Protein chains: 2
Amino acid sequence: MKLTSRNLDQRLDTLYDAVIAGGGAGGLSAAIYLARYGLKCLVIEKGKGRSMWMQELRNYVGLDPHTPGRDLLKQGTTAALGWGADHLRAFVDKVTDQGDYLEVQVNVGKTHPTAVTFKAKYLIAATGIIDILPELENMQNVYDYAGYTLHVCMICDGFDMWDQKAILIAAREPQIEAAFVLNWFTPYITVLTDGKFPVSEAMKTRLQAHGYPLIETPIARFLGENHQLQGVEFTDGTRIEVTTGLVNMGSIYHNHYLKAIPELTWDGENLVTDEFCQTTHPRIFALGDLKKGVNQVAIAVADGCLAATKIWRTIRRSQPPRIWVEQVPNPAAEPLPAG
Amino acid sequence: MKLTSRNLDQRLDTLYDAVIAGGGAGGLSAAIYLARYGLKCLVIEKGKGRSMWMQELRNYVGLDPHTPGRDLLKQGTTAALGWGADHLRAFVDKVTDQGDYLEVQVNVGKTHPTAVTFKAKYLIAATGIIDILPELENMQNVYDYAGYTLHVCMICDGFDMWDQKAILIAAREPQIEAAFVLNWFTPYITVLTDGKFPVSEAMKTRLQAHGYPLIETPIARFLGENHQLQGVEFTDGTRIEVTTGLVNMGSIYHNHYLKAIPELTWDGENLVTDEFCQTTHPRIFALGDLKKGVNQVAIAVADGCLAATKIWRTIRRSQPPRIWVEQVPNPAAEPLPAG
């Protein structure tokens, strides 16, 4: 059922089998599996996740390579609702461990948010990450290219940069290392710091040895049209001509609501999980980009299947078996032979 | 490129980065990723795999739940070819370890098969399994229901059996255990042995305690129309009325071509792999149903991504970096500021 601020009070007494924080590819996959296992689940989706920004999902078997991320999300949401999952547009604020269950506090509504609390046996954390983009005065200029010809994921889009003149934008020196992987796809790489950090002599020497120019002047704007990057203009008025780029400025992890749970194990900002995406807190699972591993739609979708399957197994094994108490009358049938 | 017996001689001298045995969901995912990493790969597909039989793929995010498996395979094959993978309809017969590479011997053509050998740095084993079905005199009668209302996968289709009168068909006593999981979805279970094996008193007692009838008479035919199961008729003329069923008679593993490789580690018929689907032979990866784990399309697709990514990383790290030897002339650009 689609929940809104008007009908969600019907669910405040529900003990969900699982609340899924995040309605991206992983969260929706978990919801579809949980619902098809006959378990009660609620997807809480804040909107504007990473897959929402994908212009074309090129590497996911079954979908036309021109399918935008939003189509995947729309289909997945419809399917999850269709199989019986609940779905609410809201922001997960806080998770509190109550021993036998978890309390998930969410904010509903943007201008005057209302805090409401749901109860769940399990939490599936699938809130993902969002890529940090260069902060220009005119952010629309960034959005005109980001996700089109200015990429954020080398695994997804390296192919589309093949032998093109490319920029690599970093926010800290270690992120420049990506140039030495990106060169698999193209060696024509110019590294930009956007004037945000100093570059060591050692790194400058390495870049020079590879023939990769380094520009430390702040970016003024991206040049091009119809989402096709054609160049970069810097604040000193200089320009370079490039047709593609990779933004490697790090990510914001949507994991604040988990930081107060002491049982969780972290590797940097990633949650450590087992082969079923279960964290070191037995009631909390983490999917996709939030956990350690490869950040890909295909991985998140499989993670949703694994987490849901483990939750189903655990709940199923904790319950008494259903027996065939009263044999359903079956007048059309011949008598059964002796068992 | 689509290879056939007419043009495959063009590829007999090629050292592929990877040959993928099996063009199901996992193999196609691997091919799409490998091709987009710019690696040379060949998919060898024998046809009629497990996903080909799926009438509706209900739990894969992004596809309408009525999508048949064959549509997924068709789209994936087109996409893999589009990104540059090779594809050949043939049967993988034998894999030989030549140290620096593998030889993959395949049979092309059905009536007069020709044996040809491809060379590859890596093999991705994605040939999957096929479910064993009851062997009736009229197999068309089995195919009329299998994959529609007579299911082979409880995770996929348990939901569709909810509280219905169901049969569980086993080929060996341990397979009857599935009844005690299937009862999550429905307790109205009749267990059939098709007259193929004796059932121990201990198992009979357990079934009786759950109220699940056991029928040991051979099956004569399935009853129903338009793929909707309505009952089962036995060889003694008796009938029961059921609307759904689960066939749990085991699987045939398409892994014969790997049995002579001594470095592989097996768990029964499943290959043991690491978190990137790499087997204990460093040049061989195994995906989906061939490896240990959950048998689901979503898992196989993620496996393809993981195996391809690991192969890409290994090949990339073994090669010298591409440097920007000659800066591409760029007359429109202003001079670069000093790096």
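Which residues is Lys40(A) in contact with, leaving aside its neighbours within four places in sequence? The first close-up below takes up that question. Everything shown comes from a predicted model, in which local features need pLDDT of at least 70, side-chain atom pairs count only at pLDDT 80 or more, and totals for chains, interfaces and linings use all residues. Residues are numbered from 1 along each chain as its sequence is written, chains are lettered from A and ligands numbered from 1 in the order in which they are written, and side-chain values use heavy atoms, with hydrogens and water left out.

**Figure 1. Lys40(A) and its contacts.** Welcome to the loop between helix 1 and strand 3 (41-45) of chain A, where Lys40(A) lies. Helices (H or I, at least four residues) and strands (E, at least two) are DSSP runs, numbered from the N terminus. Beyond its sequence neighbours within four places, Lys40(A) is in contact with Thr14(A), Leu15(A), Tyr16(A), Asp17(A) and Ala18(A); contact means heavy atoms within 4.5 Å. Lys40(A) is partly exposed, at a relative accessible area of 46%. On this scale, buried means under 20% relative accessible area, exposed over 50%, and partly exposed in between (1.4 Å probe, protein chains only). Look also for Ala85(A): 45 residues separate Lys40(A) and Ala85(A) along the chain, while their C-alpha atoms are 6.6 Å apart.

Figure 2. Chain A has 7 helices and 20 strands. Its C-alpha atoms fill a box of roughly 85 × 45 × 35 Å, taken along the principal axes. Of the 339 residues of chain A, 55% count as buried. If you follow the contacts between residues at least 6 apart in sequence, 58% of them join residues at least 24 apart.

**Figure 3. Helix 1 and helix 7 of chain A.** The axes of helix 1 (residues 25-36) and helix 7 of chain A come within 7 Å and cross at roughly 35°. Axes here are lines fitted to C-alpha atoms, for helices over the stretch in contact, and angles run from 0 to 180 degrees between N-to-C directions. Helix 1 of chain A contributes Ala25(A), Gly26(A), Ser29(A), Ala30(A), Tyr33(A) and Leu34(A) to the contact, and helix 7 of chain A contributes Val297(A), Ala300(A), Val301(A), Gly304(A), Cys305(A), Ala308(A) and Ile311(A). By class, these divide into 10 nonpolar, 3 polar and no charged residues. Ala, Val, Leu, Ile, Met, Phe, Trp, Tyr, Cys and Pro count as nonpolar, Asp, Glu, Lys and Arg as charged, and the others, Gly among them, as polar.

Figure 4. Thr309(A) lies in helix 7 (residues 297-317) of chain A and is buried, with a relative accessible area of 0%. Setting aside neighbours within four places in sequence, Thr309(A) is in contact with Tyr37(A) and Ile155(B). Leu306(A) is also found in helix 7 of chain A, and is buried at a relative accessible area of 15%. Not counting residues up to four places away in sequence, Leu306(A) touches Glu275(A), Phe276(A), Val294(B) and Ile299(B).

**Figure 5. How the two chains are related.** Chain B can be laid on chain A with an RMSD of 0.0 Å by a turn of 180° and a shift of 0.0 Å along the axis. The two copies are thus related as by a two-fold rotation axis; they are superposed by least squares on the C-alpha atoms of residues with pLDDT of at least 70 in both.

**Figure 6. Two loop residues of chain B with positive phi.** Lys48(B) has a phi near 60° and sits in the loop between strand 3 (41-45) and helix 2 of chain B. Lys48(B) is exposed, with a relative accessible area of 58%. Asp194(B) has a phi near 55°, and its place is in the loop between strand 11 (189-192) and helix 6 (201-210) of chain B. Asp194(B) counts as buried, at 3% relative accessibility.
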